[in-house]
Amino acid sequence: MKHITRPLPTITADNEEFWKSTKEHAAKLQRCNVCGRFWYYPGPVCHHCGARDYTWTALSGKGTIYSYSVLERAKGNPYENDVPIAIVLVRLEEGPVIMSNLFDYEAADLAIDSPVRMTYEDVDDRVTLPVFLPARA
Amino acid sequence: MATRAVIAGIGESRLGKVPELTALGIIVDAALAAIHDAGLTVQDIDGLILHPAFHVSPRYHIIVAETLGIYVKTMADTTMMGGASYGVAIERAKQAVESGLCRNVLIVGGEKLATGHQSGSAMMASVGAHNLDYEYPFAATIPAYYGLLAQRYLHDYGAEESDLAQVAVATRKHAALNPNATMRTPITVDDVLNSPIISSPLHRLDCSLVSDGGAAYVISAAGTSKDPSREIEILGIGQAQSYYHMGQLAEGHGDHDLVRTVVDVAGERAFAQAGLTPAEIDMANIYDSFTITVIVQLEDLGFCERGTAGQFIAEGNVDPGGKLPMNTHGGLLSNAHPGACGGMLGFTEAVRQLRGEAGDRQVTKRDNALVSSASAVASNFSVSILGASIQ
Ligand SMILES: [Zn+2]
């Protein structure tokens, strides 16, 4: 995977379990114990039904591309010298849509509804980001 | 008789590159121009609303009041709705005037995106105009967010990049008639498609300008200004906000998602209050941060069917002399885009048109004008329908 100079997220009590799971290369999201749905991004209450009763649940890592954009010019941003960067919205098998990057792809892989799989980028000692690769048949 | 709020005065600072003025200096120029246009003095102003510029005090609205010398106010507040702020502010000011809270509300904004910050887009992303924890780490920029919206739009409707480009081409035709517009040379669809990609599928000419400048308006009770025949009616106004995290926007709710925005909700409120339908609108200034921003609004507001905005524009409907002249000043794409207050220029232009003071670019039918403003990846909107003076 190519290098991207990234701005990093702030780890808080609301999301530390998520960032701990990505650090372990086994991403989890909150799944509501009342309505059964997952939500993203992490937060103190079920985004769908308002319940505070949830379980941090492992993700399959499977998803499909909901949309994509290849960033080619990013003057003034920390990653301006790292373009082109493929930015994707991925609909996870579990339901939520997450923003991430796609790596090691061919032109045909970058298409809406194409299957992708989650992998991990260890950015520093603290932060590992969930990123994606094409999931070719 | 109930008090009716009107737009009593408008003002603009110089637009484009204004290195000699601070943002505060731009705000003062615009504010004094609007107060003068209404035939009022600073002492007549008792309400103030603005959207604070970036990297400044949380008391910025008070600093502006102190600078202008407006000591006693019965309303001084901020609207933090990005580009939509200055539509939202009109509704707040209208309510304040009509309830008796204020007599004359000054709404003002001014920013220095061209000569005052590292770069408009980078600055907006880095201060959290978008999600810092779950989006910015993935190298999203504002053009990238709109690129994601545009790519999904093209997919859902089988549209082409050339459909997006139509917006830039039509807007430039209007800008050519505005002597103050930054970009006035006519362009073609091929020019847009041959301009460099910023974030696919958006090319440079799909993206708005980065400018300095500001604008202001004064909202007063009808009959307050020096010439009530120049007062502009607020026929209808509505707001709607959804989310700003793009994944949550994409998941959607009911009939709405990333591509099918909530601007229809804001529009329904404005149309209902005005008692008008889209077909009865004489001209429209549609917030054009990017070409795709215009495409989804034209469709969601009911000016054309979903998936057909590119064709609607290609047929000449929004051109000078068309049935719905659009962004007659040249919009954010070709006139000027001084950040969040850029949307104010759609209002000041609509006021000039409805007064019949728009010079070479004067529209012929000028009973009403729709003005929209938007922000945060087409997720929050304000829609106003203004009317010519009835005095
Ligand atoms: Zn739930």
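This is a predicted model: local features need pLDDT of at least 70, side-chain atom pairs count only at pLDDT 80 or more; totals for chains, interfaces and linings use all residues.

**Backbone, zinc site and interface**

Let us begin with A:Asp113, which is placed in the loop between β5 and β6 (115-122) of chain A, where helices (H or I, at least four residues) and strands (E, at least two) are DSSP runs numbered from the N terminus. Its phi is near 80 degrees, a positive value in a residue other than glycine.

Residues are numbered from 1 along each chain as its sequence is written, chains are lettered from A and ligands numbered from 1 in the order in which they are written, and side-chain values use heavy atoms, with hydrogens and water left out.

Two peptide bonds also deserve a look: the one from A:Tyr40 to A:Tyr41 is cis, with omega near 20 degrees, and the one from A:Val83 to A:Pro84 is cis, with omega near 0 degrees. A:Tyr41 lies in the loop between β1 and β2 of chain A, whereas A:Pro84 is found in the loop between β3 and β4 of chain A. As background, most peptide bonds are trans.

Which protein atoms are the donors of the zinc ion? They are the SG atoms of A:Cys32, A:Cys35, A:Cys46 and A:Cys49, lying 2.3 to 2.4 Å from the zinc ion, where donors are N, O and S atoms within 2.8 Å of the metal (3.2 Å for Na, K and Ca). The angles among the 4 donor atoms are 104 to 118 degrees, and the site is tetrahedral, a label given to four donors if all angles lie between 85 and 135 degrees. A:Cys32 lies in strand β1 (residues 28-32) of chain A and A:Cys46 in the loop between β1 and β2 (54-58), so this pair ties together parts that are 14 residues apart in sequence.

Finally, the contact between the chains (heavy atoms within 4.5 Å) takes 44 residues from chain A and 36 residues from chain B. On the side of chain A that touches chain B, β3(A) gives the most, with 6 residues. Between chain A and chain B the count is 0 salt bridges, a salt bridge being a side-chain nitrogen of Lys or Arg within 4 Å of a carboxyl oxygen of Asp or Glu.

Key: Four donors count as tetrahedral if all angles lie between 85 and 135 degrees; four count as square planar and six as octahedral if opposite donors are over 155 degrees apart and all others between 65 and 115; anything else is irregular.
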